[in-house]
Each structure stands twice: as C-alpha cells, then as structure tokens.
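Subject: Structure for you to look at

Hello,

I am passing on a structure, with some notes on its salt bridges below. Please look through it before reading on.

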Amino acid sequence: MKRVLITGATSGIGRGLAEQYANDHIVYACGRNEQALSELTQIANITALQMDVTKIDEIKSQCAQIDALDLLILNAGNCEYIDDAKHFDSALFKRVIDVNLLSLGYCLEVLLPRLREGGQLIIVSSSASFLALPRAQAYGASKAGATYLAQSLAVDLDHIDVSVVHPGFVKTPLTDKNDFSMPMAVSVEQATKAIMKGISKRKKEIHFPKRFTFILKLLQLLPFSMWLFLSKGIRR
Ligand SMILES: NC(=O)c1ccc[n+]([C@@H]2O[C@H](COP(=O)([O-])OP(=O)(O)OC[C@H]3O[C@@H](n4cnc5c(N)ncnc54)[C@H](OP(=O)(O)O)[C@@H]3O)[C@@H](O)[C@H]2O)c1
C-alpha cells in the first residue's frame, strides 16, 4: 500500500483526507490534539504522530521511523485576523506566519528526503492568497507565501510532482470562528473529494469550489487600484 503523511489531520480538511486515504493507504496522521489522535488510531491503516509543526525537533523525532512516503500533504494551519491594522499586532502576525509558513520549511527539511521518486508533495494554501482581503494581513501573507513556496518548488524539483491547493470556504472548526458570511462554502466531504481528485490527476493547482475561485481569479486580473475601490465594499 502507498504511504501518505498528512499534517493537520486531527480536524477539518486534514481529518477528512486522513479518513478517506485510510481506505487504501497507510496514513501517518499528524497533529497536537491527543484526543483526536487517539480517535484516529482506531481507524485501520492510520498511525498517529503527535507533533507541533512549528517545532522541528518534534517533527524529526516523531517521523524518525518513516523511511519512504508516496504522498506528503502539508495542510496544518490556523487563521487569526488583524482587527486593527493601525495598531499592528506583531505577536499575532508571528503566530500565523509560524504555523502557516515557517512550519512548511521544517516539514520540508525533515520529510522531503523521504518522498520517493515520482511521489507527490501537496501544500494547502488558500484562495485568500489571490487578493488583498480586509483583516487578512497575517493569514493572507502566510498563504501567499505558501503558494509561492509550492510553485517555486515545482520549478526546481524534477523528481516529484508538487501541487498547491486553493480552497474557497470550507465548513470546519477553523471557519466556525468567522463572524462574516462565507459565500459558496462547501463541506469537508466536498473539499476532501475535490482535493483527492486533483491529487489523483496530479494537478499543479487544485482549487474549489470552481464558481467561487473563478470569480476571485477574475478579480485578481483587475488593476490593484480598482480592487482597492471594490474592497471597501467588503470591509466591516
Ligand atoms: N476551512 C477553510 O475554509 C479553508 C480555506 C482555505 C484554506 N484552508 C486551509 O486548510 C488547512 C486546514 O484547515 P481546516 O479548515 O481544516 O482547519 P481546522 O479544522 O482548524 O484544522 C487545522 C489543523 O491544523 C492543525 N494544526 C494547527 N496548528 C498546528 C500546529 N502548531 N502544529 C501541528 N498541527 C497544527 C490542527 O491540529 P491540532 O490542533 O491537533 O494541532 C488541525 O488538525 C489550513 O492550512 C487552512 O489555512 C482552509
């Protein structure tokens, strides 16, 4: 059976992927939440690894026994908004960049050498990276960085396929905290299906739901000054 390692597998999208891949893959499911990890170990083919992706030593020790991977899905992430950009909260900014961007570097250093020739690396970014969005100075910057990282790895790495995932809104504990409406939000099941389909086709970019992401992609083509004008309409 093929082997897949998924970060952020204790909740939301990552958990959906872990449960589905466990049908016919050996799954290394990573996260910090002990209760969720112990539930995952009840599922056949799943090995739980407790690690904080912002701590390279934990990644190294938890993954020491893994010798080869076919699929590496870097999905762990968090979202916090900057409510008052005038009084910039650098601690919040660091927290978000640490989890969503710097952690990718740690995981890549430890796990990329274990990915076999012809394997696949998947980085879960966000469609928030397409446009400058209100209150998203930390989250959007981290995800724009994640997208750039994935795409520049695709340029340099010939021995594997690299894909970047740009989800629209997905109903998960992460977005349950949102205090605004989430147009065209999809379920974890729909997100899992779209991501697994894209991975099986080795798509370079996996984005969904298409109606939503195409609108954002069109808006991305506008001159920035025009987007700036339109964006005032979606500010709180
Ligand atoms: N939901 C959406 O609408 C949406 C849209 C675009 C992109 N995304 C991206 O999709 C990914 C998954 O999001 P989700 O909505 O499924 O969120 P979620 O339900 O909150 O799950 C987040 C996962 O990340 C893990 N995680 C967070 N911080 C971690 C840390 N320091 N070390 C290890 N694991 C950590 C959590 O595990 P523990 O708590 O166990 O550590 C959890 O398993 C994120 O990268 C997110 O930015 C989500």
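Which residues are linked in a network of salt bridges? They are Arg15, Glu19 and Glu39. A salt bridge here is a side-chain nitrogen of Lys or Arg within 4 Å of a carboxyl oxygen of Asp or Glu. The structure holds eleven of them.

This is a predicted model, in which local features need pLDDT of at least 70 and side-chain atom pairs count only at pLDDT 80 or more, while totals for chains, interfaces and linings use all residues. Residues are numbered from 1 along each chain as its sequence is written, and side-chain values use heavy atoms, with hydrogens and water left out.

Three other pairs follow.

Asp70 and Arg116 form a salt bridge, at 2.3 Å from N to O. Asp70 lies in strand β4 (residues 69–74) and Arg116 in strand β5 (residues 115–124), so the bridge ties together parts 46 residues apart in sequence. Strands (E, at least two residues) and helices (H or I, at least four) are DSSP runs, numbered from the N terminus. Asp70 is buried at 14% relative accessible area, and Arg116 is partly exposed at 32%. Buried means under 20%, exposed over 50%, and partly exposed in between (1.4 Å probe, protein chains only).

Arg135 pairs with Asp179, with the closest N and O atoms 3.1 Å apart. Arg135 is buried at 14%, whereas Asp179 is partly exposed at 49%.

Asp161 and Arg202 meet at 2.5 Å, N to O, in a salt bridge. Asp161 lies in strand β6 (residues 161–167) and Arg202 in the loop between α7 and β7 (205–208), so this pair joins parts 41 residues apart in sequence.

Regards
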